[in-house]
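Colleague: I have a new model open and would like to go through it. Can we start with the terms?

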Amino acid sequence: MFVDSGSRTFAFANSSVSMKKYILDLRVVSVCHVHDRYVLLKLTADSRLPEMLPGQFVEIKVDESPKTFLRRPISIHFVDRERNELWLLVATIGDGTRRLARLQAGDVLNAVLPLGNSFRLDLPAEQPNILLVGGGVGVAPLLYYGQWLQEQGICPTFLLGARTANDLLMLDEFNKYGRVCVTTEDGSAGEKGFVTNHSVLSEGNFTQISTCGPKPMMVAVARFAKSRGIYCEASLENMMACGLGACLCCVEKTTAGNLCVCKEGPVFDVSRLMWS
């Protein structure tokens, strides 16, 4: 254990990503209610935020919520290095997350970060054509990955699905980092239907698909990718109470046996999953 400026630093063995994990008190910069069910938290620290990779997540301690005993796992939505800010897109679906939505600027959150592995970073030498598919709050980790890809000289295509136009999140931000395609179930924005119905899939020249969102959506995306021989990875949204592989509540059945999503994931090559 190391102690530095009041924060505790741990190095966990056998981690999917060999990075130090920090327990930090983060200060709320702003709270933006981007939807009646979603809130964008912007957080900062007194010192420089640690290195974080696209696809990783944090475990947040929720204070003043009697029904919330364990930390809440939240995907890293974006890291603004210039402002030293960590962005979290939170779906307010329970007592703990509703408490987070009531935070105000200046409040403090305790977080363990960064946790888990990342989206694919060892990209092939030839120019890849990457499709990022998200639905609901599953769009959250794709923004940071999109920025990382842009910094590598790659312009990804985002395919974002929602029930209605009102449910589409952060489109202005996604447009900064790639082409954005949209589906809505009621046809109120973009193309009508599910993400697997979008005409962009008929282009047929994608070399990688990365997806996050509801499991039925990810299963459909994985099957599409398999039918076209496209490499596909999925960020799973299993409940991850500890983030360290100790509580076993996030176990997923894989070709290598039952694995803890928080430790071996959350991002998996879909060929390792038993979805088929």
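Modeller: A salt bridge is a side-chain nitrogen of Lys or Arg within 4 Å of a carboxyl oxygen of Asp or Glu. Buried means under 20% relative accessible area, with a 1.4 Å probe and protein chains only. This is a predicted model, where local features need pLDDT of at least 70, side-chain atom pairs count only at pLDDT 80 or more, and totals for chains, interfaces and linings use all residues. Residues are numbered from 1 along each chain as its sequence is written, and side-chain values use heavy atoms, leaving out hydrogens and water.

Colleague: Is Glu59 buried or exposed?

Modeller: Glu59 is buried and has no salt bridge. The nearest side chain of opposite charge (Lys and Arg count as positive, Asp and Glu as negative; His and the chain ends are not counted) is Arg71, 6.2 Å away.

Colleague: Which backbone nitrogen does its side chain reach?

Modeller: The side chain of Glu59 reaches that of Gly243, at 3.4 Å.

Colleague: And where is Glu59 found?

Modeller: In strand β5, residues 57-61. Strands (E, at least two residues) and helices (H or I, at least four) are DSSP runs, numbered from the N terminus.

Colleague: New topic. Why is α2 largely enclosed?

Modeller: Of the 12 residues of helix α2 (140-151), 10 are buried, so the rest of the structure largely encloses it. Among them are Tyr144, Tyr145 and Trp148.

Colleague: What comes just after α2?

Modeller: Gly153, with a positive phi of about 85°.

Key:
Buried means under 20% relative accessible area, exposed over 50%, partly exposed in between (1.4 Å probe, protein chains only). A polar contact is a pair of N or O atoms within 3.5 Å; within protein, one must be able to donate a hydrogen and the other to accept it, and residues adjacent in sequence count only if both atoms are side-chain atoms.
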